[in-house]
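Welcome! Please take a look at the structure shown here, and then read on for a short tour of its charged side chains.

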Amino acid sequence: MVRLVESGGGSVQAGGSLRLSCTATEFTNSRRCMGWFRQAPGKEREGVAAISTPAGIIRYADSVKGRFTISQDNARNTTYLPMNDLKPEDTAMYYCAAYEKFGYGDFCTFFPNEYKYWGQGTQVTVSS
């Protein structure tokens, strides 16, 4: 059974940094998309960043470009999301998610319904 385990959330002041990690277990298909989503109270879940493995194609939400960097360590089955210059509007529950890719193409979607596997979430709080 596939499991995603997140870590690294916390509370910081605006301008600070955090690094989220997501370790995946029991994947049998090496081709997959690993994504980070977030959901603030009263708002819809939104895609933040995603990376395809092993191709390494990356996409970001406009709101985090230049501040967040997604990366993948295939040997450790771990996806990282260092977040710099955090802003109060980044406050949310952050979720790691994944889905396996079949066929052609390595572009990852930001549609939450496409992601089959989800972690439990880790809270990020940014104070002004």
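Which residue forms a salt bridge with Arg76?

## A first pair

The partner of Arg76 is Asp73, and their closest N and O atoms lie 3.0 Å apart. A salt bridge here is a side-chain nitrogen of Lys or Arg within 4 Å of a carboxyl oxygen of Asp or Glu. Arg76 is exposed, with a relative accessible area of 56%; the cut-offs are under 20% for buried, over 50% for exposed and partly exposed in between (1.4 Å probe, protein chains only).

## About the model

This is a predicted model, where local features need pLDDT of at least 70 and side-chain atom pairs count only at pLDDT 80 or more, while totals for chains, interfaces and linings use all residues. Residues are numbered from 1 along each chain as its sequence is written, and side-chain values use heavy atoms, leaving out hydrogens and water.

## Around Asp90

Across the whole structure, a search finds six salt bridges. One of them joins the side chains of Arg38 and Asp90 at 2.9 Å, N to O. This pair links distant parts of the chain, 52 residues apart: Arg38 sits in strand E4 (residues 32–39), and Asp90 in the loop between strand E8 (78–83) and strand E9 (92–100). Strands (E, at least two residues) are DSSP runs, numbered from the N terminus.

Asp90 also forms a salt bridge with Arg67, with the closest N and O atoms 2.7 Å apart. Arg67 lies in the loop between strand E6 (58–60) and strand E7 (71–73), 23 residues from Asp90.

Are these residues buried or exposed? Arg38 is buried at 6% relative accessible area, Asp90 is buried at 0%, and Arg67 counts as buried at 8%. Salt bridges with shared partners join Arg38, Glu46, Arg67 and Asp90 into one network.

Conventions: Helices (H or I, at least four residues) and strands (E, at least two) are DSSP runs, numbered from the N terminus.
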